[in-house]
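Here is a short briefing on one structure. Take a look at the model first, then work through the points by topic.

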Protein chains: 2
Amino acid sequence: MENLFSDRVRDVPRSFIREILKDALVPGTISFAGGLPNRNLFPVKEIQAATQTVFERYGNDLFQYSASEGFLPLREWIAHRYKEKGLEVPVEHILITSGSQQGLDLLGKTVLNEGDGVIIEEPGYLGAIQAFTVYRPKFLPVPVSETGMETEHLETLVQSEKIKLIYTVPNFQNPSGITYPEENRQKIAQILKGTETVFIEDDPYGDLRFSKNKNTSFYSLLPEQTVLLGSFSKIVIPGFRIGWIVASEPLMEKLVVAKQAADLHTNAFSQCVLHQYVSDYSLDAHISKIISAYRGQKEVMLKSILKHFPEEVSCTRPEGGMFLWVTLPKRLAALDLFDLAVKDKVVFVPGDPFYIGQTNVHTLRLNFSCSDAETIETGILRLSKAIKKMLSGRSVQ
Amino acid sequence: MENLFSDRVRDVPRSFIREILKDALVPGTISFAGGLPNRNLFPVKEIQAATQTVFERYGNDLFQYSASEGFLPLREWIAHRYKEKGLEVPVEHILITSGSQQGLDLLGKTVLNEGDGVIIEEPGYLGAIQAFTVYRPKFLPVPVSETGMETEHLETLVQSEKIKLIYTVPNFQNPSGITYPEENRQKIAQILKGTETVFIEDDPYGDLRFSKNKNTSFYSLLPEQTVLLGSFSKIVIPGFRIGWIVASEPLMEKLVVAKQAADLHTNAFSQCVLHQYVSDYSLDAHISKIISAYRGQKEVMLKSILKHFPEEVSCTRPEGGMFLWVTLPKRLAALDLFDLAVKDKVVFVPGDPFYIGQTNVHTLRLNFSCSDAETIETGILRLSKAIKKMLSGRSVQ
């Protein structure tokens with residue numbers, strides 16, 4: 001029966017996170033492992049009201065087959081929002097997708113031949129690796145840290161390999177929480193200018209910014225090469241599965257054909273409800289609420305870490321988003337810490353799935369968006385005890 | 001810039017139907033070209049009530065990320081419905097997809113390597129051809145007609161080629177409206193039994209049956225090889241984009257991984273609303289209404305055709321679904337008739353896009369689900385005049 005399958009799906013990893021968490025959780029376990037937005041902040045009442053309104057306003061029209069490109073008023077709203085941020089994006093360059101994840105699949109599908117070079121961040125977003133793996137590229141990881149992407153490494157690759165795609169999350173990255181500094185962006189743009197490489201700027205967390213500092217979008221720095229991915233999942237709700245791709249011709253034409261072949265169009269009803277919601281309510285006011293909650297939770301987590309973790313353990317200082325990245329001393333594997341932490345009723349994601357071809361790494365991801373201050377303090381205390389146990393060698397396996 | 005694209009998207013046809021209809025329509029044109037269910041029959045009030053209920057019942061839970069496999073109660077409902085029809089389908093074998101179209105994409109993705117043999121019906125469903133083209137198979141068309149699939153042709157192909165997939169719409173096919181007779185199904189099953197071929201039984205129209213006669217599902221005849229595709233698009237609404245795949249292990253495991261890589265999961269809110277709708281209302285009562293309307297419209301269309309079309313023109317007698325298929329005398333190309341008919345304010349889909357590598361065919365598709373009796377009579381009369389003009393040679397180009 002193994003003969004049945006295409007080569008392309010042989011390599012796609014199952015969700016590592018699902019697998020390790022499957023049997024791990026006993027009641028009372030505190031989880032920093034999730035990658036979810038905080039459900040208590042979903043604007044349920046407002047969406048309910050918007051739903052009522054669209055039933056009255058559109059009736060049967062809500063439910064017919066509709067355009068592959070997406071619901072036009074929603075695309076116009078997205079273009080307008082970019083304009084407010086200083087980016088000129090024509091409506092025709094916006095394609096609504098079934099979440100950003102579908103954007104990645106469609107980009108892989110339209111651009112990648114087997115063996116094509118794809119630069120990814122290391123550590124990098126697992127979902128992107130999964131989506132692209134299907135198209136069997138050659139992954140070329142470039143390290144990222146709080147100083148951004150390693151530009152020397154990038155430059156060497158660009159000079160020595162044929163690179164079709166570069167995938168980045170420059171703001172409050174998943175998994176590490178880092179943001180590319182301004183100089184780093186300028187340097188990256190300088191290296192890539194004039195090459196035939198598509199630069200993907202995936203920005204699901206960009207609006208969840210804790211500080212006032214704002215960096216320049218690659219869409220401004222590399223207008224001809226950048227494909228922007230956006231999403232309502234982290235700023236409104238994920239369950240509607242509504243995201244978008246910004247791309248210009250001739251790529252957009254291919255993306256629309258691929259979208260049609262993939263699922264005809266994104267759920268039209270939900271696009272309409274979402275448009276009504278952003279028309280009737282202030283999305284920025286809602287985002288402020290999320291920011292205020294996540295910032296507070298991040299501060300509690302960071303403070304607890306600084307208070308309880310041994311000095312040899314370091315972590316990132318995210319200026320937004322949902323994640324914080326911890327680096328253990330090199331001799332400690334995060335997977336071993338996981339086994340120990342589970343017993344102490346706290347879980348996280350070991351760094352392993354965020355690297356290509358590295359295992360037993362000494363980094364891990366902590367999510368702060370879903371836990372309240374007290375839970376965070378308790379969880380970090382438990383985690384610190386597990387780390388100290390490991391460091392003292394009492395449990396090295 | 002052409003270098004940018006993957007080989008796989010170079011070949012995907014744009015929507016032929018969209019293209020030919022783009023500039024064609026003047027006001028007052030009657031369209032039999034659509035492939036849409038009748039919007040006047042959408043159960044809007046009931047869905048609105050179901051939506052209210054789920055808001056009250058589930059609140060925030062509606063909007064979080066959810067399972068790639070789909071909303072469990074909906075999958076259970078689908079399993080139960082199959083059981084009522086005499087098919088035993090375990091819940092674990094059901095994956096909710098973003099419409100059946102996504103089912104085709106996921107199947108192509110998990111099964112097809114470049115050059116693999118795929119048997120398709122001729123004429124056959126354009127969306128399937130689009131979805132599979134992305135994976136660059138070798139299409140092997142087998143003619144279908146009111147006697148079903150040509151089994152001699154099928155047998156020759158199965159013996160001479162390595163066939164990975166067979167794609168069929170055995171009930172009230174799009175585009176032709178034909179249904180595979182019982183003996184034909186038995187014969188097909190006999191030919192395929194024991195081969196390593198996946199048989200796709202796409203059944204979006206199966207419930208829209210005008211008569212009492214029911215044929216055996218391939219899922220019963222070839223249980224180990226058949227993948228069933230189902231959809232709510234034609235029996236409830238298409239705008240939610242909710243369909244499903246029935247497949248067993250190990251294929252299902254690969255499909256779930258591919259689903260996750262493609263868009264994480266299908267819109268959870270809409271799955272929940274749909275489940276509430278089918279729980280609170282009788283879907284069969286609703287389907288009866290659709291059947292009664294479509295059957296009436298089909299009868300008017302058939303009667304008008306028999307009355308007005310020249311004798312040399314023949315057509316299928318659909319026992320369900322939304323389409324009827326017309327065969328012109330061989331010397332008349334449907335595309336030429338289209339040009340003439342547009343001027344007479346009636347449009348249809350020329351057969352061309354439903355064949356692989358044949359053009360200027362003498363067949364065409366008529367949709368009867370979206371027009372009332374009077375419109376159908378007027379439209380068929382207009383079309384008959386255009387045909388007669390062509391036959392009399394007055395407009396041969």
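In this predicted model, α13(A) passes α14(A) in a right-handed crossing. Another helix pair of chain A, α5(A) and α10(A), also has a right-handed crossing.

**Helix α13 against helix α14, chain A**

- Two packed helices are described by the angle between their axes and the distance between the axes.
- For α13(A) and α14(A), which spans residues 373-391, the angle is about 125° and the axes are 9 Å apart.
- An angle of 65 to 115 degrees counts as roughly perpendicular, and one over 145 as roughly antiparallel. The angle of about 125° therefore makes α13(A) oblique to α14(A).
- From α13(A), the contact uses A:D336, A:L337, A:L340 and A:A341.
- From α14(A), the partners are A:L383, A:A386, A:I387, A:K389 and A:M390.
- What kinds of residue make up this contact of α13(A) with α14(A)? They divide into 7 nonpolar, no polar and 2 charged.

**Helix α5 against helix α10, chain A**

- Helix α5 of chain A covers residues 99-111, and helix α10 of chain A covers residues 251-263.
- They pack at an angle of about 115°, with axes 9 Å apart.
- That makes α5(A) roughly perpendicular to α10(A).
- The α5(A) side of the contact is A:L106, A:K109 and A:T110.
- The α10(A) side is A:L251, A:K254, A:L255, A:A258, A:K259 and A:A262.
- The residues of this contact divide into 5 nonpolar, 1 polar and 3 charged.

**How the two chains are related**

- A rotation of 180° superposes chain B on chain A. The shift along the axis is 0.0 Å, and the RMSD is 0.0 Å.
- That is the relation of a two-fold axis.
- Of the interface residues of chain B, 100% are also interface residues in chain A, so the copies meet through the same surface.

**Where the chains touch**

- In the interface, 60 residues of chain B are in contact with 60 residues of chain A.
- Which elements of chain B give two or more residues to the side that touches chain A? They are α1 (7-10), α3 (44-58), α5 (99-111), α6, α10 and α11 (268-280).
- α10(B) gives the most, with 8 residues.
- The residues on this side of chain B divide into 29 nonpolar, 21 polar and 10 charged.

**Backbone details**

- Most residues other than glycine have a negative phi, and most peptide bonds are trans.
- A cis peptide bond joins B:E122 and B:P123, with omega about 0°. B:P123 sits in the loop between β3 (117-122) and α6 (126-133) of chain B.
- Another cis peptide bond joins B:E249 and B:P250, again with omega about 0°. B:P250 lies in the loop between β9 (243-246) and α10 (251-263) of chain B.
- A:K345 is not a glycine, yet its phi is positive, near 65°. A:K345 is in the loop between α13 (334-343) and β12 (346-347) of chain A.
- Is A:K345 buried, exposed or partly exposed? A residue is buried if 20 or more other C-beta atoms lie within 10 Å of its own, and exposed if 12 or fewer do. A:K345 has 16, so A:K345 is partly exposed.
- B:K345 has a positive phi of about 65°. B:K345 is found in the loop between α13 and β12 of chain B, and is partly exposed, with 16 other C-beta atoms within 10 Å.

Note on methods: Residues numbered from 1 in each chain as written. Chains lettered and ligands numbered in written order. Predicted model: local features only at pLDDT ≥ 70, side-chain atom pairs only at ≥ 80, totals over all residues. Least-squares fit on C-alpha atoms with pLDDT ≥ 70 in both. Contact = placed C-beta atoms within 7 Å. Helix = DSSP H or I, 4+ residues; strand = E, 2+ residues; numbered from the N terminus. Nonpolar A, V, L, I, M, F, W, Y, C, P; charged D, E, K, R; others polar. Axes fitted to C-alpha atoms, helices over the stretch in contact; angles between N-to-C directions. Parallel < 35°, antiparallel > 145°, perpendicular 65-115°, else oblique. Left-handed = near helix turned anticlockwise from the far one by under 90°.
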